[in-house]
Amino acid sequence: MLITCPYCGPRDVSEFSYQGDGNRTRPDPASTDQAAWNAYVYDRINTAGDHKEIWQHSGGCRSHLAVTRSTLTHKISHVAFARGGLASVRPAGRDHGDHA
Amino acid sequence: MAEYSAFSILKNAISGNRDWKPAWRKPDPKPSYDVVVIGGGGHGLSTAYYLAKEHGITNVAVVEKGYLGSGNVGRNTTIVRSNYLLPENIRFYEHSMKLWENLSHDLNYNVMFSQRGILNLAHTPGQFDDYARRGNAMRHEGGDAELLYPDQIARLYPGLDVSPKARFPVVGGLLQPRAGTARHDAVAWGYARGADRRGVDILENCEVIGFLREGDRIVGVQTTRGDIRARKVAVAAAGSTGRVLKLAGIDNLPIESHVLQAFVSESLKPILPGVITWGGGHLYVSQSDKGGLVFGGDLDGYNTYAQRGNLPLVEEVMSELLAMFPGFAKVRLLRSWGGVMDMSMDGSPIITTGPLPGMYLNCGWCYGGFKATPASGWLFAWTIAKNAPHEINAPFTLDRFHRGILIDEKGQGATPKLH
Amino acid sequence: MSPRRGNTAGRVDRTRTIRFSFDGKSLTGHAGDTLASALLANGISLVARSFKYHRPRGVLTAGIDEPSALVTVLKGEEREPNVPATMLEIYDGLVVVSQNRFPSLAVDVGAVNGLAGKAISAGFYYKTFMGPVIGPLKGTRFWMVCEHFIRRAAGLGSAGTAPDSSRYERMYAFCDVLVVGSGPAGLMAAKAASEGGARVILAELDSRFGGSANWSGETIDSLPAADWAADTVRDLSGRENVRLLPRTTVWGYYDSNGLAALERVTDHKEKPGKGEPRHRHWSIRAGTVVLATGAFERPLVFPGNDRPGVMLASAAQRYAAEFGVLPGEKIAVFANNDGAYAAAKTLRDSGAAITAIVDVRADISAEARAIASAVGGHLLLRHAVVATEGGKHVSGIKVQGFDLASRRLTGEARHLDADCLIVSGGWSPVIHLASQAGAAPKWDETLQAFLPPEPAQNWIGAGSFNGRFTTAEALAEGLSAGLRAAGGNGHPEAVPEVEHAAPFSEPAPVFEIPAKGKAFVDLQHDVTAEDVRLAHREGFISVEHLKRYTTLGMATDQGKTSNVPGLAIMADALGKPVAEVGTTRFRPPFASVSIGALAAERYGDIKPERLTPMHDWHVAQGAKMYAAGLWYRPQIYGKPGETVEQAYVRETKTVREIAGIVDVSTLGKIAVQGPDAATLLDRVYTNMFSTLAVNKARYGLMLREEGIAFDDGTTWRLGEHDFLMTTTTANAGKVMQHLEYYLDVVWPDLKVHVTSVTDQWAGAAIAGPKAREILATCVTGTAVDNATLPFMGIVSGEIAGVPVKICRLSFSGEMAFEVYCGAGHGTHVWEALVEAGKPFGMVPYGLEALGTLRIEKGHVTGAEIDGRTTASDLHLDWMLSKKKPFIGSNMLGREGLVAGDRLRLVGLISLDNRPLNGGAHIVEQVDEANPRHSIGHITAVCYSPALGKYIGLALVKGGKSRHGTRAFISDPLRKRFGPVEIVSHHFFDPEGSRMHG
């Protein structure tokens, strides 16, 4: 698998650490809504298809990336910095190696 | 249907093996059943078997989207053990072990459960104490466990690097003598045949595409082979649990699906007596009766439903195998494959009534699914038949995560890839 | 000259004689021979025994698809089992033995299995060996006795236990175009792509590039095909943008066009050259892959088809044309297509006699007919071979009439003379990699073959791989694939012209000849056609069930020659077309890969070693080093004759009475810097850090989101916006990732930068009543008195000319200081501290004493913060701030985390004055014979010099409520039982007067 880091370029998956489901929103720290906290900590959408997830480029720039990747084919359709606003890339078929 | 025995084999050999009958029928779906079990893997089949055998509920269908046993029951490394740390898990897996020990007779099918032992290697005094804690926990729950020291280990496993110069020297190990391996496919086939002989319909190539509902209540399934009504619908879909429950409107579960790769080498003359695990990383290996080294390690570590992994994990696992057995460098890897694991948030399973009326749920098997097969089916059948859990599976609820009553075997918390 | 060397030269070098041995017999061959060609040249055809029935087996193929001819290569103590003789290039001094036979290849007692015949057909073992339900052999016992013998009979070669002296190497490569296979299609593709400017890698699993060009006998561009191939390779090898990889099997097609290949660099040499590894593991990232992997010829299934002397037609052709070796002198041919006729011609031209051509078809092409008449011998159309004759080698065949339409035998069987039978049942494209890339192959009824799927990744197929079996088509497809792969750059050149083309036809749809007798589908696993039908009868009809029930295709060759015939026989039994039966998905590896190669540079060097700056000093002082994760740390600094316990007790006592020094460089250290640093710390720690004064440190506790304790350590405030966080050694990496995750994903608004500085700082802790005095003698630039350096205070100064940070904090309960300096000066500062301590009698102490000091003090570490305990379980509730939310704060109140029966931290005192064991359990009443009712377990143990007793920490149900009560340790594993008193975990100086002092 090849993940195109917006900062470093396309890199092998072995440079990245998977940080899990990127669909969850952490409740406001002051929130005491126990159900919301429980859902944030334990519940997963576990999509069969395009899945938004967080990867850290731990063997590179250490940025966290929000990656949209199919859990059926492993094809990556979108990568952006998790903190947003900086840059995002939609890997082209060719340099990504996938058949577009 | 004929009993299997040495006698029946000879009798059939004389008649040119022409009289053997299918191990299970290939029936058409009936319009309704008392229980429909979703998932024709080990757990679904054993559930059906024990529903019939233990509870007299025989009007049962097992629906399977592909061929029977196409999931993890035929994709694991065949290890059977009950060497767990936490009492809830030990009780569960000990129950399973006892069923395993008589399973071939029970099913009249040789599942080749061979109790050649599992040895967990420890590489630091701290790790050794952890294993001692685990072994003692097993002994306090009636299980079997022994500590071994390097000289004993070296005698058992020639070729194992026990030298003090090893990067992670072996300081001892925990042996569970009753553990071992079984022939994985035989477990699926034996349960299928056993259930079929008691009247259960096994419906292959029958994918669930929706649920039949009356109000909140689940009253059957829509399948690629038509609608099937059922008084009770039991889900035993392992890695596909999320996909199945989404059809019932349940979008979130404390489960992630991950791929676990497994590996087998070319056939060798006997060199490993039992199952052995390495504590310097994560590696387990045994040798099949055919002679192949069967081994695996960590998950690839990302959500997936594809039964395929990637190369970095392959390299990691091979490196770890050679750290244990340097002499295996010239042995060749023959096959690899991937299975989709239903990883739960505490590494322990879920066997429960619900989450919807008329529904029963069995999932969250992580790495433990194969060895759990008999107990999982036995306890799930109990739960379905009695509408309440048995005391052994009572802790394995779905709501335990939110309530904080966790059974966190590895102490890793809600990080499924680490369980 | 050996009698079996043909009169054509082949590609072997007849001027060079190679000496090797097979089963102890000295033999010779030529440079360029494989073991298979050399054995055949020596007239040796019995090479191996089969897996189950131990039947004599010879050489079926000339390549990687070989199911039968497996041998073991010996190099001193080292052995490599299961090597296909067809892939093993001989070299001087090669030692090979046959395998899976006893006592010898010629006389193998295991062959008795063959007599059991039908009783041990597919899956028989599932139906028996279950044994009695009562008595000593009940349960699994009987099976295990049987299994013992089954295991010994199974297996193929033996692996060695001695470490492999070979070196393995990894190579990462990136290219625009990876061409897999160097037959006419692959060569053209590589040529066209490289002319278009692409960076090209051309991988060929054989030692010679060229594929079928080496033996087809055709002419390409007016040159013998082999010469055309050699010229093309020479041309490619001169191009800067082309890398040629011979002996390289591309075996894995992973995600994002990541491919894995094995290069057998020196297997063909007696000794590797300088710097050469045995194997090289290639991890290749390719823009586009050209799959020009060719096709495997299929055998036909008929009784006796496994006897040595039966060989694939293309293999025989190849031995004759490429190696100059004849597999027989009187050769019969059996085919369902035209391809075998070219083989007959080559063999005839090389000097063999063709005794008969047996073809199931009624009509054959005019070209085939012309060849048949040219080579002589009987042409028997509408005939089939129904048996082979002979013992361990073919001495003749039986043929009978065959009606293609009904697929029935007709007339009477009759004998024909032959010492070799070559067989062709059609061709199967090598689609494995395409299937691995993620799609299912499709059956083509005309070609009677599975063709590649639509690409699921970026690859282009060419030649036989695509079912385009003629050389002309291969050249044209290769050219076009190369151009496309290079992105359409470059100029299309003319497709080379092929003359003397070998005849080709689609095969007749015949896979099996319905005659009586054992007809083998999978030669290595001894799966017969009857086994396939038995699987059908018993309902194992899906492809996967067929494979798993009969073990068809699961041998070392992975069914390269047997999968399709097996499927076809199952389809026939089902009365369905093959297309509806389907095929199994191919998984990596395409062909077996040495495990050593996959480990590559990590073979013998599994993980990096982390050493503290003072490591060499510890070793020089005789410290016993101890692996802690990747780190090495001193366990004790033992004196001659001391036991471990004596050493740590001495060290501990010295700390309590005078002072000791310990290396704490392994602690995780993270610089937390920025205007919001204090805010971040308030959120990740349970306690408050924003109120911490500059130049003060505070002990902090972190939780995971679930409210479970995660890590602890002190964090130092070096400036308003500048903190130095320390973590436990084990969790250093995890805490770093934890902080980075929250900063990047959850709180991107916080202006904080975190940097791991673990390796930048060396740390030493000196502890004991004399610690301050010792420090005072060597520190300059600051005072270290109570006023300047109060408890949890931080000062900067110098030791031996090196700037240091000193924090007064204590893990031991003594007056103690942690001294940090730049890692490069670690030993220098450490030695200065040791020197300063000498007059006082200070000693270095190791992990055992460190542990003892902390246990006496009741400090928790990873043994207690085990991922399941809460702050409350560890009596750290006081650290849970009520004034602010922190990670985990909202999850703490859940019922499971506040339950009364949780395991909670206590102290234990051994009441029988014997040591306690880590990992022992605690019970209220001992039952040695039948241990039960554990109420907890011991996490840490030591002999406490301060108390004069063996003590421990434990996690026990009820926790504090049990203080002052008696319980028992129950350690059946080590047969240690005995009474303990449950006490507070603060054994020593609970008020902390010594460290505050």
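Which residues of helix α8 (residues 366-375) of chain C are buried? Here are my notes; keep in mind that this is a predicted model.

1. Let's start with that helix. The buried residues of α8(C) are A368(C), I371(C), A372(C) and V375(C). They span an arc of only 100° around the axis, so they sit on the same side of α8(C).

2. Now look around the helix. The cover over the buried residues of α8(C) includes α7 (339-349), β19 (353-359) and β20 (378-381) of chain C. On the face turned away from the buried side you'll find the exposed residues A366(C) and S373(C). Just after α8(C) comes G376(C), with a positive phi of about 80°.

3. Next, chains B and C. Here 90 residues of chain B are in contact with 94 residues of chain C. On the chain B side, α5(B) gives the largest share, 10 residues. Sorted by class, that side of chain B has 39 nonpolar, 30 polar and 21 charged residues.

4. β16(B) is joined by 2 bridges to strand β32 (residues 593-594) of chain C, and the two run antiparallel. Within β32(C), V593(C) is the bridge partner of L333(B).

5. Finally, chains A and C. In this pair, 24 residues of chain C are in contact with 24 residues of chain A. On the chain C side, α19(C) gives the most, with 6 residues. By class, that side has 8 nonpolar, 9 polar and 7 charged residues.

Key: Residues numbered from 1 in each chain as written. Chains lettered and ligands numbered in written order. Predicted model: local features only at pLDDT ≥ 70, side-chain atom pairs only at ≥ 80, totals over all residues. Contact = placed C-beta atoms within 7 Å. Helix = DSSP H or I, 4+ residues; strand = E, 2+ residues; numbered from the N terminus. Nonpolar A, V, L, I, M, F, W, Y, C, P; charged D, E, K, R; others polar. Buried ≥ 20, exposed ≤ 12 C-beta atoms within 10 Å, placed from the backbone. Arc of directions from axis to C-beta. Pairing = 2+ DSSP bridges.
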